[in-house]
Amino acid sequence: MRLFLSSYHFGAHQNRLLELVGTPGPVALVPNACDGWPAAWQSAVTSDLIPLRRLGFQPEVVDLREYIDRPDEVERRLREFPMVWVRGGNTFVLRAQMARSGADLALTRLLAEDALVYGGYSAGACVMQPDLHGIESIDDPNEVRPVCGVEPRWDGLGLVDRRIVPHLDSPTDPDGLSRKLVREYAAAGVEHWALTDDHVVVVDGDRTEVLT
């Protein structure tokens, strides 16, 4: 299994992503964490297309809304790519869209086979943790029902063994919500990774490392 989980884009470690992937090639860009923000959806997509292309990748948008209740088709589509890149937004909306399309189960299988690299930042990273409790202080689970028509889920994909707090001391978090969540997790004895926008968690087979 190969995971590249960051707080913001590639953090300060884009070369490590290239090492994990090998030669840059096609990548599936999954932007569904932004489904609750229709006015900003296209600009959010563009903000990921440009840096991926600069690294030499050929990104294609894979919109999970096109695969609702079509799990076999979403798995076939994802199998076409050596890498999936899942951008930030609302973690609960992303989790719901993964479940509705079957992308959650497909990605779990593909990663177990080492068929692709999973790269994700912010919500795209948080969705990989065991559960989403605590993330509600950063992302609003109430966005899920109007956007997805289902109740929010509180289970993550469980492909890492601890929770992720992105945007620590970041300009994108002027109210310090991430720092507050870190304190809450620490007080409760909850294992977590607190990531600044430079930090990256890399899982490469049996090895997990936090790059600062």
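Let's begin in the loop between β3 (58–61) and α3 (71–78), which is where Asp 63 is found. This is a predicted model, so please read each value here as computed from predicted coordinates. Is Asp 63 buried or exposed? Its relative accessibility is 9%, and because the cut-off for buried is under 20%, Asp 63 counts as buried.

Which residues does Asp 63 touch, once those up to four places away in sequence are set aside? They are Asn 32 and Trp 41. With Asn 32 there is also a polar contact: the two side chains, of Asp 63 and Asn 32, are joined at 2.7 Å.

## Val 202 in strand β8

Next, have a look at strand β8, residues 200–204, where Val 202 lies. Val 202 has a relative accessible area of 1%, so it is buried.

Leaving out residues up to four places away in sequence, Val 202 touches Leu 3, Phe 4, Arg 16 and Leu 20, and also Arg 207, Thr 208, Glu 209 and Leu 211.

## The largest pocket

How much volume does the largest pocket have? The value is about 380 Å³. Its lining is made up of 24 residues, and those closest to the pocket centre are Gly 89, Ser 122, Asp 139, His 167 and Thr 172.

Sorted by class, the lining of the largest pocket holds 10 polar residues, 10 nonpolar residues and four charged ones.

## The chain as a whole

Stepping back, the protein chain contains nine strands and eight helices. Its radius of gyration is 16 Å, close to the 17 Å given by the globule rule for 212 residues, so the chain is as compact as a globular protein of that length. Along its principal axes, the C-alpha trace spans about 45 × 40 × 30 Å.

Of the 212 residues in the protein chain, 54% are buried. As for contacts between residues at least 6 apart in sequence, 77% of them join residues at least 24 apart.

Definitions and conventions
Residues are numbered from 1 along each chain as its sequence is written. This is a predicted model: local features need pLDDT of at least 70, side-chain atom pairs count only at pLDDT 80 or more; totals for chains, interfaces and linings use all residues. Side-chain values use heavy atoms; hydrogens and water are left out. On a 1 Å grid over the protein atoms alone, a cavity is a set of points where a 1.4 Å probe fits but cannot get out, and a pocket is an open set with protein on both sides within 12 Å along at least five of seven lines; lining residues have an atom within 4 Å of a point. Grid points are joined across faces, edges and corners, and a volume is the space filled by probe spheres set on the points. Ala, Val, Leu, Ile, Met, Phe, Trp, Tyr, Cys and Pro count as nonpolar, Asp, Glu, Lys and Arg as charged, and the others, Gly among them, as polar. Helices (H or I, at least four residues) and strands (E, at least two) are DSSP runs, numbered from the N terminus. Buried means under 20% relative accessible area, exposed over 50%, partly exposed in between (1.4 Å probe, protein chains only). A polar contact is a pair of N or O atoms within 3.5 Å; within protein, one must be able to donate a hydrogen and the other to accept it, and residues adjacent in sequence count only if both atoms are side-chain atoms. Contact means heavy atoms within 4.5 Å. The radius of gyration is taken over C-alpha atoms; the globule rule is 2.2 Å times the number of residues to the power 0.38.
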